[in-house]
Amino acid sequence: MDTQQIKRVMRGRLGAPMRGAYRGIERTELTALRLTDRVRFGLPSTQERDELAARVTMIVKTFERPSVLRRGLKSMRTVFGGRIVVADDSRTPVTALGPDIEILGMPFNSGVAVGRNAALDTVKTEFVFVTDDDIVFTAASDLVAAMNYLDDNPSVDLVALTLVDLPRLRAVSRSADPLFHGAQPPLVPFGTVLGGLPVVPKTPQVYLARTESIHRVRWDERLRMVDHRDFFSRASGKIVSVQARTVWAYHLRTPFDAHYNAYREDVAADLQTLARIWSGGR
């Protein structure tokens, strides 16, 4: 049975016990990880949190997953006390998320690129932290360390956290994924170590970056989904990205949410657009 068959079974009527077991394992793991990460890493000092809040704005893209978003925001507040901008293209955008959380209601199903660009345009701070609604932060998500790294390495534009998928406890690697043919040569050769971190062609879309640098790339609004490879392909030759191996956050997908996944997996038009763009027919 392949992955797609497993998904179909687990999403169907007979998959309820499997779904329950999956979610139970996920919750148990996350509870344990929050505790162990707190013991291992501690949390930022008041002074560090204040500096982070003054210099960083967090932008979050969400769609049709209000409970997932609220879980993510609650975890964000354990490591970040500054302004958060949520771009929501749900049919009914969320409301009343808490202090210093701004909600941008977008046209329904307008997509990731439109939402992220709209959120980016509200950022006035030196740094922007880009993330999604299904990411959970713990004491291992040391944004202060990421900020300090960028201060110490002015030639670097973007430092990414490592994503760990739950319940598999598997670190997600994006650095080896190819860029589109036609991407510009990198400013710094991939694999070069800067300040102890490797320069990579792609990272997970959970990163701290210089706001000005992200404005040089932005997201292509012709794409509703599957923007990841396109963003970093266009970023090559414009910005320098590195991957932090010892700073991480957790990725909790929603594989059984049929309503959400009907939109999430509807990417045929986007793939056609990407093929046209990167084959030279821009």
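Which helix gives the largest share of the lining of the second largest pocket? The first legend answers this question.

The model is predicted, with residues numbered from 1 along each chain as its sequence is written, and local features need pLDDT of at least 70 while side-chain atom pairs count only at pLDDT 80 or more. Totals for chains, interfaces and linings use all residues, and side-chain values use heavy atoms, with hydrogens and water left out.

**View 1. The second largest pocket and its lining.** The largest share of the lining, 4 residues, comes from α2. Both α2 (16-41) and α4 (66-76) supply at least two lining residues each; helices are DSSP runs of H or I with at least four residues and strands are runs of E with at least two, numbered from the N terminus. The pocket has a volume of about 230 Å³. On a 1 Å grid over the protein atoms alone, a pocket is an open set of points with protein on both sides within 12 Å along at least five of seven lines, a cavity is a set where a 1.4 Å probe fits but cannot get out, and lining residues have an atom within 4 Å of a point. Among the lining residues are Tyr22, Arg23, Glu26, Arg27, Arg71 and Asp257. By class, the lining has 5 nonpolar, 1 polar and 6 charged residues.

**View 2. The packing of α3 against α6.** Helix α3 (residues 46-55) and helix α6 (residues 143-152) pack at an angle of about 65°, with axes 10 Å apart; axes are lines fitted to C-alpha atoms over the stretch in contact, and angles run from 0 to 180 degrees between N-to-C directions. Glu48, Glu51, Leu52 and Arg55 of α3 make the contact with Leu143, Val144, Met147 and Asp151 of α6, contact meaning heavy atoms within 4.5 Å. This contact has 4 nonpolar, no polar and 4 charged residues.

**View 3. The buried helix α8.** Because 7 of the 8 residues of helix α8 (residues 228-235) are buried, α8 is largely enclosed by the rest of the structure; buried means under 20% relative accessible area, with a 1.4 Å probe and protein chains only. The buried residues include His228, Asp230 and Arg234. Among the elements that cover them are β6 (158-166), β11 (241-252) and α10 (268-278). Glycine 237, with a positive phi near 90°, follows α8.

**View 4. The largest cavity.** Its volume is about 80 Å³, a volume being the space filled by probe spheres set on the grid points. Of the 14 lining residues, the closest to the centre are Phe190, Val200, Ile239, Val240 and Ser241. The lining divides into 11 nonpolar, 3 polar and no charged residues.

Notes: Nonpolar A, V, L, I, M, F, W, Y, C, P; charged D, E, K, R; others polar. Buried < 20%, exposed > 50% of the residue type's maximum accessible area, 1.4 Å probe, protein only.
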